[in-house]
Amino acid sequence: MLWKAELKKILIVRRGLLILLACLILKSVFLFVFPEQKDPRIALSQHQYDKFLNEIYGESSDEKNARIMEEYEWCKSVIDQKDSMAAAYADGTLLEEDYQSYLADLETAYLEENAAKIFSEKAEQFMEQDPALPRAHYIYEYGWQTVFTLQQFPDVFLLLGLLLLAAQCFASEATAGMLPVLLAARNGKTRLYCVKFASVLLVSLFSGIVFALAEAGVFAARGWCSDAAAPLHSVSVLTKCALGISLLQGYLLSLAVRVFSSMLLAAVVYALSIWVKNPIQTVFLGMCLVILPLLMNGSAILFTHGGLLCGTRTLQLLGKGLPAAVPPLIVAVYSAPVVFFAARRYRKGL
């Protein structure tokens, strides 16, 4: 009965369901209008890019990499000869047919230069990767590039909804003068605290899953999730990631860590509301927990609430050999005392 009452209070009385739904709609609209992170050079040679990709599509190889580098060097060589060939033709040392043949090659080189340059950069990246990893694939990467670009940052829509819900659990009752009544009730201390805490975690888990499914649905609808079986390090933003998993597995891992981290953050904000007793100040502290770690550099960011919410950064740092379960567990361990001492303070009557 107490469970139902608390869930009803969070989702209905405090309009939590409406808040989450509004955040979900805003997120979906944002994802639908967010532009694909496409290399601007492709616009100058889209046909050549598509043609080149069709020829080398699939798992990279030494032969493909060499061919790409040769193609780019040929383009550069032809373009670099422009002035000398024009001078030779002007002084009569170059025959008309030879010059016309060169001009045809020059036109082709100009058309293919951008595409060849893009693929030569990819080939260089692939050649520098750990040979123990699965071979990276040549794919149309810009859909996944966009996905993991967005994953570099926390899901602000989900976090806003969870912060608003978690911050109100006790703070709103304190400001309304209801806490003395609750503390005097038979189940008003330990049991009520635990039920509220579990309710916040349950709502956070459910919200995280729904937001993740909505995000994946939008990405799939926009055609950004093709070649999901290609190795994770096939896309530029994760070229240096040493995790030997697929793009789909990397994305699912990123989402799972984000959902778990959202639950941890909601739990800490819930506990802080016991100490602060003010919803606005509690939301502000929660935002600080997310934003301040993002100003850090290096692997330390992975052991913070804000860092774990950034899926792509998590994958990049996990690629250095750290087990995926370690950072969330460490964050959970140092978050536990906050929740524990908040419970003690509540049981003592605040």
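The model is predicted, so local features need pLDDT of at least 70 and side-chain atom pairs count only at pLDDT 80 or more, while totals for chains, interfaces and linings use all residues. Residues are numbered from 1 along each chain as its sequence is written, and side-chain values use heavy atoms, with hydrogens and water left out.

I start with the core. A nonpolar core here is a set of buried Ala, Val, Leu, Ile, Met, Phe, Trp, Tyr and Cys residues joined through side-chain atoms within 4.5 Å. Buried means under 20% relative accessible area, exposed means over 50%, and partly exposed is in between, with a 1.4 Å probe and protein chains only. The largest such core has 31 residues, and Trp144, Phe148, Leu232, Leu238 and Leu247 have the most contacts inside it. Two or more residues each come from helix H7 (142-150), helix H10 (190-221), helix H11 (247-276) and helix H14 (311-318). H11 gives the largest share, five residues. Helices (H or I, at least four residues) and strands (E, at least two) are DSSP runs, numbered from the N terminus. As background, nonpolar side chains tend to be buried together in soluble globular proteins.

What does Trp144 touch, leaving aside its neighbours within four places in sequence? Taking contact as heavy atoms within 4.5 Å, the list is Trp224, Cys225, Ser226, Asp227, Ala228, Val235, Leu247, Leu248 and Tyr251.

Asp227, from that list, lies in the loop between H10 and H11. Its phi is near 55 degrees, a positive value in a residue other than glycine. Asp227 is partly exposed, at 23% relative accessible area. Arg15 also has a positive phi, near 60 degrees. Arg15 sits in the loop between helix H1 (2-13) and helix H2 (16-33), and at 55% relative accessibility it counts as exposed. For context, most residues other than glycine have a negative phi.

Next, the cavities. On a 1 Å grid over the protein atoms alone, a cavity is a set of points where a 1.4 Å probe fits but cannot get out, and lining residues have an atom within 4 Å of a point. Grid points are joined across faces, edges and corners, and a volume is the space filled by probe spheres set on the points. There are three cavities of 30 Å³ or more.

Ile10, Leu162, Leu165, Ala166, Val200, Val203, Ser204 and Ala266 line it. Helix H8 (156-175) and H10 each give two or more of these residues. This lining has seven nonpolar residues, one polar and no charged.

Last, the cysteines. With a disulfide taken as a pair of cysteine sulfur atoms within 2.5 Å, the count is zero. Cys241 is buried, at 2% relative accessible area, and Cys23 is buried at 6%.

Conventions. 1 Å grid on protein atoms, 1.4 Å probe; cavity = no way out; pocket = protein on both sides within 12 Å on 5 of 7 lines; lining within 4 Å. Nonpolar A, V, L, I, M, F, W, Y, C, P; charged D, E, K, R; others polar.
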